[in-house]
Amino acid sequence: MQKLLLSVLLTLSISGCVYKIDIPQGTPLTYAQAAQVKVGMTSQQVRFLIGSPTISDPLNPLRWDYVYNYIPGTYAKKANIPESNGQHLKIYFNQSGTVSQIEGLETIPKTQQGLPGSKEAILTAPPL
């Protein structure tokens, strides 16, 4: 009986100590990055500005989709970083390979929660 009670107490105490990782899925974009894409740009220019698309359908190569979802883990939840979903930028190309239409710019936030502000802050080191 004591072993059963001890094992139940141990199981209950361990179950509360579960670490969950952050789950970012897709291509994180900010509004400033996405707004640089203009009608008339080539696919190489778009790829240079905002990176490779999350979804590039071989059956429809004239449409690129940039999707991003973020599920905060244990430490992100403690830091009150919210969940992020529903970000979907669609870029359509015409037959000559230039951007003809951009949709979903309103779904892209000004800043992405849970990501560093800029790479310069990470890479800048004081002189020796």
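Visitor: Does D65 count as buried or exposed, and at what relative accessibility?
Guide: A residue is called buried under 20% relative accessible area, exposed over 50%, and partly exposed in between, using a 1.4 Å probe and the protein chains only. D65 lies under the cut-off of 20%, so it counts as buried, with a relative accessibility of 7%.

Visitor: What kind of model is this, and what is left out of the side-chain values?
Guide: This is a predicted model, in which local features need pLDDT of at least 70 and side-chain atom pairs count only at pLDDT 80 or more, while totals for chains, interfaces and linings use all residues. Residues are numbered from 1 along each chain as its sequence is written, and side-chain values use heavy atoms, leaving out hydrogens and water.

Visitor: With which residue does D65 form a salt bridge?
Guide: A salt bridge needs a side-chain nitrogen of Lys or Arg within 4 Å of a carboxyl oxygen of Asp or Glu, and the whole structure holds 2 of them. In the one that involves D65, nitrogen and oxygen are 2.9 Å apart. The partner counts as partly exposed at 24% relative accessibility, and its name is R63.

Visitor: Which residue in strand 5 is the bridge partner of Y92?
Guide: Two strands pair if DSSP finds at least two bridges between them, and strand 3 (residues 63–71) meets that rule by pairing antiparallel with strand 4 over 7 bridges. There R63 stands opposite Y92. Strand 4 is also joined by 4 bridges to strand 5 (residues 99–103), again running antiparallel, and in strand 5 the partner of Y92 is Q101.

Visitor: How many of the 10 residues of strand 4 are buried?
Guide: Across the protein, buried residues make up 23% of the 128 residues. Strand 4 is mostly covered, and its number of buried residues is 7.

Visitor: How is the pair of rings of Y19 and Y75 classed?
Guide: Rings of Phe, Tyr and Trp (its six-membered ring) pair if their centres lie within 6.5 Å, and planes under 30 degrees apart count as stacked, over 60 as edge-to-face and the rest as tilted. The structure holds 2 aromatic pairs. In the one formed by Y19 and Y75, the centres are 5.5 Å apart and the planes stand at 50 degrees, so the pair is tilted.

Visitor: How far apart in sequence are the parts that Y19 and Y75 tie together?
Guide: Y19 lies in the loop between helix 1 (2–15) and strand 1, whereas Y75 lies in helix 4. Both Y19 and Y75 are exposed. The separation of the parts they tie together is 56 residues.

Visitor: How is the pair of W64 and F93 classed?
Guide: W64 lies in strand 3 and F93 in strand 4, so this pair ties together parts 29 residues apart in sequence, and both residues are buried. Their ring centres are 4.9 Å apart and their planes stand at 70 degrees, which makes the pair edge-to-face.

Visitor: Near what value is the phi of N80?
Guide: Most residues other than glycine have a negative phi. N80 sits in the loop between helix 4 (74–78) and strand 4 (84–93) and is exposed, with a relative accessible area of 67%. Its phi is positive although N80 is not glycine, and the value is near 60 degrees.

Key. Helices (H or I, at least four residues) and strands (E, at least two) are DSSP runs, numbered from the N terminus.
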